[in-house]
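Me: I'd like to learn how to read strands, sheets and ring contacts in a model like this one. Could you walk me through it?

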Amino acid sequence: MSTRKTISRLVTLGGLCTAVALAATGCGAGGPAPTSGSGSSTVNVLVEAGGHAELTGVAQQCKKDTGLDVNFVELPYDGMFNRLSSEFSSGNVSFDVAALDSVWLPSFKDAVQPIDELFTDEAKKDIFPALVKEANVDGHFIGMPAWTNAEIILYRKDLFEDAKNKADFKAKYGYELAAPTTWKQYQDISEFFTKDGMYGTDVKGAVETEWLAHVLQAGSPMVLDANNNVVIDNAAHKEALDFYVSLTKSAPPGAAQVDWAAAQNLFNQGKTAMTRFWAHAYRQIPKDSPVAGKVGAAAMIGGSAGVAGVPGPWYLSVPKATKNADAAKKFIKCAYDHNSMGVESSLGLASRISAFEKYQNQPGYESFKPLIETLNGKATATRPATAKWQQIVDTVLVPLLQKAVAGGDSATLLADAKKQIQDLLK
């Protein structure tokens, strides 16, 4: 299973839902939706599992505001991509709006129509800069972000506030124990808490996102530069990889196989003192978890280029082949206007800055301020705009990481990866 599919199935965003939460939403079989006629007051919306939950309240509000009826067609991640590919290729679509994973935009850019009129100056100011940039393909906006996420730092407040831990840490490292604001502090804290059957952090060798965030923090674009040149063997990628691998000494064994689900379970079971994880997971810690009520949240740490994360947005797009474009755009405008309603869903996310700010000071939403800071980070950037990205992840980046955390030579691995990616892009 690909990294992105794993994230989607556990997470449903590009930022993770637990397996239990996903099972609760249910993955509909997604049979053919009724085709909308010209000027229909019914909008067919194709969504992946978590997207239905995010948009249900919006649909109800849109009905009140505009009279539009919304029919959701819900598919699992693989099934949705296949359905999109098939219908876009045929030129005969059964949906008016599609929720697209950000990594699909390059693949489907020619099958969806511009929605530039929705991206007013006011709207763009309320959308995170990296998402505004990603939504603009070949000079036109082709998707309105519906929800997004990024990794932040979750840590055990009870351990950090323990008097003995504080005294012992200061005696050993010479400064106060607190949520880390530098990667040196993160290393020290990870080392300090690796004892007595606990580990300071995790290292996720089975997913690429954290390493790529470090690459951005070190000042390089991820894997490909703006001209589609492969830069994975540059100094920033090596620096980021070497740092990431260095944390394995303070992480549970078997890092090569640790993915999002494993890392989330380790933290929720009290086995790690810190984790870098998708922000929405803060609110999804089970009530019976030994860490429930004991977790703090902090923004992603910056490197020489500043704070950087890799967002996981989904976009609402309108297919060129729909005969119901006006109603489709009306629904997308509703989704933008009422974006904060997604925060109350099981996934609990939004895409507008103001939507997150609306909740950031409320109890239970302590992860939102760090998330806003991370998404607004000056080096935060979305994944490279290439239709081959998922293939690059599955066949090159994840195997590279797995070999690196198992002791492989980083320079050799990066050089080999460059050749592989160049071959894929030919």
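This is a predicted model: local features need pLDDT of at least 70, side-chain atom pairs count only at pLDDT 80 or more; totals for chains, interfaces and linings use all residues.

Me: How many bridges join S1 to S2, and do they run parallel or antiparallel?

Reply: The general idea is that strands of a sheet pair through backbone hydrogen bonds, either parallel or antiparallel. Strands here are DSSP runs (E, at least two residues; helices are H or I, at least four), numbered from the N terminus. Two of them pair if DSSP finds at least two bridges between them. In this case seven bridges join S1 to strand S2 (residues 69-75), and the two run parallel.

Me: Is S1 mostly covered or mostly open?

Reply: Buried means under 20% relative accessible area, exposed over 50%, and partly exposed in between (1.4 Å probe, protein chains only). Strand S1 (residues 42-48) is mostly covered, with six of its seven residues buried.

Me: In what order do the five strands of that open sheet come?

Reply: Read across, the order is S2-S1-S3-S12-S6, and the pairing is mixed. S2 and strand S6 (144-147) are the edge strands; each has a single partner strand, so one side of each has no neighbour in the sheet. The twist averages 30° from one strand to the next, taken between lines fitted to C-alpha atoms (for helices over the stretch in contact; angles run from 0 to 180 degrees between N-to-C directions). For an antiparallel pair, look at strand S3 (residues 97-101) and strand S12 (residues 314-317), with four bridges. There, Ala 98 has Ser 317 of S12 as its bridge partner.

Me: What is the strand order in the open sheet of three?

Reply: That one goes S8-S7-S9, with antiparallel pairing. Strand S8 (274-278) and strand S9 (295-298) sit at the edges with a single partner strand each, so one side of each lacks a neighbour in the sheet. Strand S7 (residues 151-156) pairs with S9 over four bridges, and Arg 156 has Val 295 as its bridge partner in S9.

Me: Now rings. Which residues form one aromatic cluster?

Reply: Rings of Phe, Tyr and Trp (its six-membered ring) pair if their centres lie within 6.5 Å; planes under 30 degrees apart are stacked, over 60 edge-to-face, and the rest tilted. The structure holds 25 aromatic pairs, and one cluster includes Tyr 77, Trp 104 and Trp 314.

Me: What does the side chain of Tyr 77 make a polar contact with?

Reply: A polar contact is a pair of N or O atoms within 3.5 Å; within protein, one must be able to donate a hydrogen and the other to accept it, and residues adjacent in sequence count only if both atoms are side-chain atoms. The Tyr 77 side chain contacts the side chain of Asp 101 at 2.5 Å and that of Trp 104 at 3.5 Å. Tyr 77 lies in helix H4 (residues 77-90) and, at 4% relative accessibility, counts as buried.

Notes:
Residues are numbered from 1 along each chain as its sequence is written. Side-chain values use heavy atoms; hydrogens and water are left out.
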